[in-house]
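Work through the exercises below with the model open. Try each task before reading its solution.

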Amino acid sequence: QVQLAESGGGLVQAGGSLRLSCAASGSIFSNNAMGWYRQAPGKQRELVSTITSSGRTNYADSVKGRFAISRDNAKNTVYLQMNSLKPEDTAVYYCNVRILISNMNYWGKGTLVTVSS
C-alpha cells in the first residue's frame with residue numbers, strides 16, 4: 001500500500017557530499033515518521049536519522065553534525081543531506097516510513113552510497 005522511491009546514492013570521495021531523497025506514495029497517514037537506515041556488508045542495519053510529521057529529529061551519534069534530515073509533508077518526501085562523508089559511511093541506505101498508530105513499517109529497496117578514500 002506504500003511505495004518508496006529513493007534516489008541520490010552514488011560514489012563520492014571522502015569529504016564530499018550527497019543528498020538522498022525518498023518520496024512516499026500510497027496510503028500515507030499524517031501521523032508518521034520518516035527516516036533513513038543503513039547497512040554495511042556483514043553488519044546489522046542501523047538507524048541513521050528520523051524525522052516525525054511535526055519535525056522532531058533524531059540522529060545517530062556517528063552522523064551528528066555531518067548529516068541533516070528534512071521532510072516535505074505535502075510531498076511525503078524525506079531528504080538526507082550528507083556532508084563530510086567518510087569511508088565508514090559506505091552502506092546501502094534504506095528509506096523508512098513508520099505509521100505511528102499501527103507501528104507499521106515500510107521500506108525502500110535501498111540506494112548504495114560508496115565513499116572512497
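Buried means under 20% relative accessible area, exposed over 50%, and partly exposed in between, with a 1.4 Å probe and protein chains only. The model is predicted: local features need pLDDT of at least 70, side-chain atom pairs count only at pLDDT 80 or more, and totals for chains, interfaces and linings use all residues. Residues are numbered from 1 along each chain as its sequence is written, and side-chain values use heavy atoms, with hydrogens and water left out.

**Exercise 1. Classify Tyr-37 and Trp-107 by burial, then describe their ring geometry.**

Step 1. Tyr-37 has a relative accessible area of 16%, so Tyr-37 is buried. Trp-107 has 33%, so Trp-107 is partly exposed.

Step 2. Apply the ring rule: rings of Phe, Tyr and Trp (its six-membered ring) pair if their centres lie within 6.5 Å; planes under 30 degrees apart are stacked, over 60 edge-to-face, the rest tilted. The count comes to one aromatic pair. Tyr-37 and Trp-107 form it, with 5.1 Å centre to centre and 70° between the planes, hence edge-to-face.

Step 3. Tyr-37 is in strand β4 (residues 32–39) and Trp-107 in strand β10 (residues 104–107), 70 residues apart. Strands are DSSP runs (E, at least two residues), numbered from the N terminus.

Step 4. Check the ring face. Arg-45 lies over the face of Trp-107, 3.7 Å from the ring centre. The rule asks for NZ of Lys or CZ of Arg within 6 Å of the ring centre and within 35 degrees of the ring normal.

**Exercise 2. Find the salt bridges of Asp-89 with Arg-38 and Arg-66, and trace their network.**

Step 1. The whole structure gives four salt bridges.

Step 2. Asp-89 bridges Arg-38, with closest N and O atoms 3.0 Å apart. Asp-89 lies in the loop between β8 (77–82) and β9 (91–99) and Arg-38 in strand β4, so the pair ties together parts 51 residues apart in sequence. Both Asp-89 and Arg-38 are buried.

Step 3. Asp-89 also bridges Arg-66, with closest N and O atoms 2.8 Å apart. Arg-66 sits in the loop between β6 (57–59) and β7 (67–72), 23 residues from Asp-89. Salt bridges that share partners join Arg-38, Glu-46, Arg-66 and Asp-89 into one network.

Technical notes. Helix = DSSP H or I, 4+ residues; strand = E, 2+ residues; numbered from the N terminus. Salt bridge = Lys/Arg side-chain N within 4 Å of Asp/Glu carboxyl O.
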